[in-house]
Amino acid sequence: MRTVKKVFSYIGIGILVIFVIAFVSSGIYRVSEQENAVITQFGSVIRTDTAGLYFKIPFLQQSHIVDITTHGTGIGYSIPGEGQNIPNGGDGVMITSDFNLLNIDFYLEYKVSDPVAYLYNTNEPEEILTNIALSSIRSTVVNYTVDEAMTTAKGQIQADVKEEMVKELAKHNVGLAVVNITIQDSEPPTQEIIQAFKAVETAKQGADTAKNNALKYQNEQIPTAEANADMIVQSAEAKKAARIAEAEGQVARFISMYEEYKNYPLITKKRLFYETMEDILPSLKVIITDGETQTMLPLESFTEGAASNETTYVGGESNEE
């Protein structure tokens with residue numbers, strides 16, 4: 001009997017040890033680098049655990065593992081596995097500031113920033129995130145023209161949408177944070193509008209080409225015109241300086257002559273007369289007439305006349321010495 005009792009006691013101890021080991025092991029859990037664990041007791045959050053090995057009281061405490069890695073989703077289109085992106089109805093259709101419709105798709109990257117808020121503040125945090133993203137995109141795209149949204153303003157639109165989403169997520173406190181949001185594609189919503197936009201772009205390119213050609217011609221002609229203008233100005237300045245110098249010289253000559261005239265009026269008058277006659281007589285031809293006939297004789301200079309022994313008279317008579 002004692003042997004049987006000992007056996008049963010050993011068995012009981014073994015069962016108790018196994019139960020204790022199972023009880024303790026059920027309270028041990030591990031959290032990886034990509035996870036956080038929210039520990040609750042009777043429905044109340046008591047702590048949040050990061051990566052490591054932890055123990056919780058079995059049956060009284062529960063651990064809720066939350067993935068904190070970055071996830072991605074399409075806004076305006078869906079991503080079915082690894083297949084082709086499929087538009088989500090009219091989610092991607094936006095109106096621009098110039099009242100055009102634009103189909104614009106975004107790729108949103110997000111992660112859990114607050115595990116407790118993510119688990120308990122709302123039932124569908126991802127759905128709220130998607131709605132906030134759509135609202136922020138619409139309120140941002142409406143501030144840009146369709147050309148800007150399709151070309152030069154993509155980077156600014158992305159930054160504005162992200163800033164708006166950060167503000168809205170802080171208000172709603174769903175435990176999610178925006179990592180990045182990028183424009184995947186932007187185009188008009190129908191083929192007819194696409195063709196119209198292509199025609200507009202072609203016209204713009206033609207206008208740009210014509211403008212560039214005009215600027216090229218302008219750049220080629222302006223230096224030539226400026227050089228010609230400089231030559232004209234320089235020539236005018238040279239003529240101006242010459243005329244001024246000539247006028248100043250004549251004024252100085254007149255003043256000097258006038259001073260001489262004031263001192264010796266009669267002598268100065270005669271000198272001026274003689275000098276003037278010396279200038280004009282050599283180029284003159286004198287006509288002497290008796291009233292019936294006309295004979296044109298060159299009036300030679302006095303020096304040449306002095307050197308000649310010939311004297312000419314009017315009327316057909318002449319004497320030679």
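Phe-99 is exposed, with 73% of its area accessible in relative terms. In this predicted model, Phe-99 sits in the loop between strand E9 (93-95) and strand E10.

Of its 321 residues, 19% count as buried. The accessible surface comes to about 22900 Å², and carbon and sulfur atoms account for 57% of that surface. Among contacts between residues at least 6 apart in sequence, 63% join residues at least 24 apart.

The average pLDDT of the protein is 80, and 76% of the residues score at least 70. Helix H5 has the highest confidence, at 94, while strand E15 (residues 318-320) has the lowest, at a mean of 40. Over residues 305-321 the pLDDT is below 50, and this stretch has eight contacts in the model beyond near neighbours in sequence.

The interior comes next. In soluble globular proteins, nonpolar side chains tend to be buried together. The largest nonpolar core here has 30 residues, of which Phe-106, Leu-108, Ile-137, Ile-157 and Met-165 touch the most other members. At least two residues of this core come from each of strand E10 (101-112), helix H3 (125-141), helix H4 (146-150), helix H5 (154-172) and strand E11 (176-187). Leaving aside residues up to four places away in sequence, Met-165 touches Leu-108, Leu-129, Ile-132, Ala-133, Ser-136, Val-178 and Ile-181.

Ile-75 gives another view of contacts across the chain. This residue is found in strand E6 (residues 71-75) and is buried, with a relative accessible area of 2%. Ile-75 and Phe-106 are 31 residues apart in sequence, yet their C-alpha atoms are 5.0 Å apart in space. Beyond residues up to four places away in sequence, Ile-75 touches Ile-104, Asp-105, Phe-106, Leu-108, Thr-130, Ala-133, Leu-134 and Ile-137.

Ser-186 is found in strand E11, and at 8% relative accessibility Ser-186 counts as buried. With residues up to four places away in sequence not counted, Ser-186 touches Leu-102, Asn-103, Ile-104, Ala-149, Met-150 and Lys-154.

Aromatic rings are the next topic. A pair of aromatic rings is described by the distance of the centres and the angle of the planes. A search of the whole structure finds two aromatic pairs. The rings of Tyr-29 and Tyr-54 have centres 5.8 Å apart and planes at 25 degrees, so this pair is stacked. The pair links distant parts of the chain, 25 residues apart, with Tyr-29 in strand E1 (residues 28-31) and Tyr-54 in strand E4 (residues 52-55). Tyr-29 counts as buried at 8% relative accessibility, whereas Tyr-54, at 24%, counts as partly exposed.

Charged side chains remain. Side chains of opposite charge can pair when their charged atoms come close. Four salt bridges are found in a search of the whole structure. One of them joins the side chains of Glu-163 and Lys-167, at 3.9 Å from N to O. Both residues lie in helix H5, four residues apart, which is about one turn of the helix. Glu-163 is partly exposed, with a relative accessible area of 47%, and Lys-167 is partly exposed with a relative accessible area of 47%.

Helix H5 also holds Glu-168 and Lys-171, whose side chains meet in a salt bridge at 3.6 Å, N to O. Because they are three residues apart in helix H5, about one helical turn separates Glu-168 and Lys-171. Lys-171 is exposed, at a relative accessible area of 64%.

In helix H7 (residues 265-280), Arg-271 and Glu-275 lie four residues apart, about one turn of the helix. Arg-271 forms a salt bridge with Glu-275, and the closest N and O atoms are 3.0 Å apart. Arg-271 counts as partly exposed at 37% relative accessibility, and Glu-275 is partly exposed with a relative accessible area of 33%.

Conventions:
Residues are numbered from 1 along each chain as its sequence is written. Side-chain values use heavy atoms; hydrogens and water are left out. A nonpolar core is a set of buried Ala, Val, Leu, Ile, Met, Phe, Trp, Tyr and Cys residues joined through side-chain atoms within 4.5 Å. Buried means under 20% relative accessible area, exposed over 50%, partly exposed in between (1.4 Å probe, protein chains only). Contact means heavy atoms within 4.5 Å. Accessible areas come from the Shrake-Rupley method with a 1.4 Å probe; for residues, only the protein chains shown count as cover. pLDDT is the predictor's confidence in each residue, from 0 to 100. Rings of Phe, Tyr and Trp (its six-membered ring) pair if their centres lie within 6.5 Å; planes under 30 degrees apart count as stacked, over 60 as edge-to-face and the rest as tilted.
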